[in-house]
Amino acid sequence: MKKATLSLLATAFMILVFAAESYGIPAFSRKYRTSCSTCHYAAPMLNGFGKAFKNNGYRYPAGTDPEMTKEEPVSLGSEGYKRVWPEAIWPADIPGTSPVSVWAVGRINYAAQSDVKWEFEIPHEVEVLYAGTIGESFSFFGEIELENEDNATEIAFPFALQYDGSPSFHVRMGMVHADPTPNHLKLTRNHYNMASFRSRNGWRFRDELVGLEVWGAGNGSGGRGGFTYRLGVVNGQGLSDMNKEKDFYGKATYKIGGLGEVGGTEGAGSEVSEFFLDDNLTFGAFLYSGTASKTAVADEDFTVYGGDVDFWYKRFILNGAVMLMDSRITGTPKRKSMVYYAQANAVFYPWLIGLVRYEWEDRDTGEDLVKPVNAIIPGVTLMARANVKLMFEFKKFFDDANKKNDTFGVQINFGF
Amino acid sequence: MTTRVVLSLFVFLASSVAIAGDIRGKVKAKGWKHSGDAVVHIDKTPGITFAVPEKHAAMDQKNLVFIPHILPVLAGTTVDYQNSDDVLHNVFSPDQCAEKFNLGTWPKGQTRSYSFKEAGCFPVMLCNVHPEMEAYVVVLENPYYAVSAKDGSYEIKNVPAGKYTLKIWHEKLKGQSVEIEVPEKGELVVDFEIRR
């Protein structure tokens with residue numbers, strides 16, 4: 001019986017590519033006794049304060065985290081031990097209760113071209129999330145993710161340990177944030193096309209990007225807006241690297257107006273207020289250079305670069321990003337690709353958000369025979385409660401090759 | 001106007017100094033986590049009016065909590081809302097009797113204010129940035145009120161002798177009222193047991 005169980009587990013469980021950090025973290029609600037909407041526009045998408053919280057290493061801004069923490073942490077050494085160092089371990093603390101949360105995801109799928117047009121994929125995914133701080137200078141995030149993939153269970157278990165020297169200087173080890181999009185904690189169930197776009201040897205942003213990252217953020221003048229940067233080195237294709245080359249990336253953004261990137265209330269003040277408001281204009285640019293390997297073919301050297309614009313105005317958000325990829329494989333012609341999207345969100349009510357996204361993907365800009373894929377994704381997100389979400393999303397393709405592949409999906413999420 | 005205020009003050013002072021008693025007692029809140037935060041108050045004081053206090057009342061927003069949670073005030077009182085957190089806060093009320101006011105948002109250390117005009121109004125205070133935050137302002141037409149402590153005890157001092165209706169208000173439990181007669185000296189003990 002035991003052998004049979006193990007055998008079943010062995011066949012059912014596969015090590016999965018990492019999905020990027022993708023959900024809200026209810027453990028923080030418990031720690032601070034606050035609602036999800038303190039940090040989330042609609043979980044997992046962050047609002048201005050949520051970004052500032054993250055930019056402070058999962059802490060409240062301006063050194064106020066200890067007083068904002070409602071859950072007494074457990075001391076791993078008193079403050080006085082700082083004076084004894086290096087004759088003792090530097091003191092720290094850990095969350096007072098287990099910083100574990102669960103996010104559950106179910107789906108009802110419709111696929112126009114599938115034999116089974118409608119299916120109830122409930123559950124689609126369960127994530128056990130853990131996140132918190134360790135004393136003043138370390139924080140962590142991790143997840144154990146179980147996901148259905150054609151009736152097999154895939155498992156992933158990424159984590160990151162982060163040194164938080166200051167808001168402008170963090171060192172992250174493990175799962176990093178090499179993502180080209182603004183608001184990468186997305187509102188939609190469909191991934192951004194540029195996150196899913198593959199190089200010729202199969203690399204893509206969505207997959208396992210683990211390594212080291214230096215990153216930081218700071219407020220702009222008058223405490224408003226500000227900058228973020230990240231520089232990293234990663235394997236590129238998994239926990240065990242598939243080639244001897246390391247991949248490198250960088251991203252920088254600058255936010256004009258709105259809440260400061262590391263928070264604080266200096267210069268703030270308005271006659272209107274809502275958790276989802278953060279009027280600002282943010283520009284970003286990114287670069288990724290890597291090598292992708294695939295069995296039985298030569299290695300691919302590629303460079304990805306691009307930029308994005310993110311504009312928040314009252315109840316509306318307009319954003320878009322463009323990504324260019326140069327791919328070089330010895331013995332084959334170079335390939336240039338272009339992927340972009342533009343999206344608009346509107347908050348009808350704080351619990352009802354409409355969106356529409358247009359996507360374009362030209363795998364080979366020098367080859368007219370390869371027609372670009374382009375699609376539109378209209379959708380509605382409904383927050384039944386702060387931690388219960390329903391998403392209704394349609395994807396309509398316009399290009400000839402995919403125009404019959406329309407999909408519709410309802411996704412339910414809840415977390416605690 | 002000035003004459004009226006002076007006369008009112010005279011009546012108030014005369015009654016409170018010369019012929020006034022105290023009301024005290026215990027509140028037992030059944031089915032609630034504690035017996036505090038109930039407002040015990042004299043409903044009406046016929047023939048006595050009270051000037052609008054010049055001194056503002058205060059409600060703080062600190063560590064994502066309204067402090068105090070229950071704030072009884074005399075009608076006409078202006079309440080100053082301070083943001084003591086380094087995060088943006090808001091104060092609004094969906095209640096018509098408080099004109100559905102919304103004060104927007106303001107930085108740490110600053111205040112915005114609202115004057116509560118209508119007695120008998122118990123508007124809820126909310127923050128649209130932090131939906132878990134909640135408080136109440138209890139607007140009354142006289143200053144004879146007390147907020148019960150967590151153990152349920154309360155005391156209203158210097159109530160002019162006479163017959164009144166004593167009321168109790170609670171944010172979640174049903175209110176009650178009792179007819180009382182405050183003695184010219186000494187104290188009157190009135191206990192309440194309130195429930196849903």
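Tutor: We shall discuss the model, then chain B, then chain A.

Student: What should I know before reading it?

Tutor: This is a predicted model, in which local features need pLDDT of at least 70 and side-chain atom pairs count only at pLDDT 80 or more, while totals for chains, interfaces and linings use all residues. Residues are numbered from 1 along each chain as its sequence is written, and chains are lettered from A and ligands numbered from 1 in the order in which they are written.

Student: How many helices and strands does chain B have?

Tutor: Chain B has one helix and 17 strands. Helices (H or I, at least four residues) and strands (E, at least two) are DSSP runs, numbered from the N terminus.

Student: What share of chain B is buried?

Tutor: Of its 196 residues, 34% count as buried. A residue is buried if 20 or more other C-beta atoms lie within 10 Å of its own, exposed if 12 or fewer, and partly exposed in between, with C-beta atoms placed from the backbone.

Student: Which strands form the open sheet in chain B?

Tutor: Four strands form it, in the order β4-β3-β6-β9, and the pairing is mixed. Two strands pair if DSSP finds at least two bridges between them. The edge strands, β4 (65-67) and β9 (111-115) of chain B, each pair on one side only.

Student: How does β3 of chain B pair with β4 and with β6?

Tutor: Strand β3 (residues 57-62) of chain B is antiparallel to β4(B), with three bridges. Strands β3(B) and β6(B) (residues 78-83) run parallel and are joined by five bridges. As for individual residues, B:Asp60 is opposite B:Ile67 in β4(B), and B:Ala58 is opposite B:Asp80 in β6(B).

Student: What lies between β3 and β4 of chain B?

Tutor: Two residues separate the strands of this hairpin, and B:Asn63 takes a positive phi near 55 degrees there. Most residues other than glycine have a negative phi, and most peptide bonds are trans. B:Asn63 counts as partly exposed because it has 18 C-beta neighbours inside 10 Å.

Student: Where is B:Asp37, and is it buried or exposed?

Tutor: B:Asp37 lies in the loop between β1 (20-29) and β2 (39-42) of chain B. With 22 C-beta neighbours inside 10 Å, B:Asp37 counts as buried. Its phi is near 65 degrees, a positive value in a residue other than glycine.

Student: Which peptide bonds are cis?

Tutor: The bond from B:Ile67 to B:Pro68 is cis, with omega near 0 degrees. B:Pro68 is in the loop between β4 and β5 (70-74) of chain B. The bond from A:Ile122 to A:Pro123 is also cis, with omega near 10 degrees, and A:Pro123 lies in strand β7 (residues 118-134) of chain A.

Student: What about B:Cys127: why does it count as buried?

Tutor: B:Cys127 is buried because 24 other C-beta atoms lie within 10 Å. B:Cys127 is found in the loop between β10 (124-126) and β11 (134-140) of chain B. Leaving aside neighbours within four places in sequence, its contacts include B:Gln61 and B:His89. Two residues are in contact if their C-beta atoms, placed from the backbone, lie within 7 Å. B:Cys127 and B:Gln61 are 66 residues apart in sequence, and 9.4 Å apart in space, C-alpha to C-alpha.

Student: Turning to chain A, how many of the residues of helix α3 are buried?

Tutor: Eight of the eight residues of α3 (residues 48-55) of chain A are buried, so the helix is largely enclosed by the rest of the structure. The elements covering the buried residues include β2 (40-42) and β12 (210-219) of chain A. Just after α3(A), A:Gly57 takes a positive phi of about 75 degrees.

Student: How many residues of chain A are in contact with chain B?

Tutor: 24 residues of chain A are in contact with 16 residues of chain B.

Student: Where does pLDDT stay under 50 in chain A?

Tutor: It stays under 50 over residues 6-19 of chain A. pLDDT is the predictor's confidence in each residue, from 0 to 100. Where pLDDT is low, the predicted coordinates should not be read in detail. The mean pLDDT of chain A is 92, and 94% of its residues reach 70 or more.
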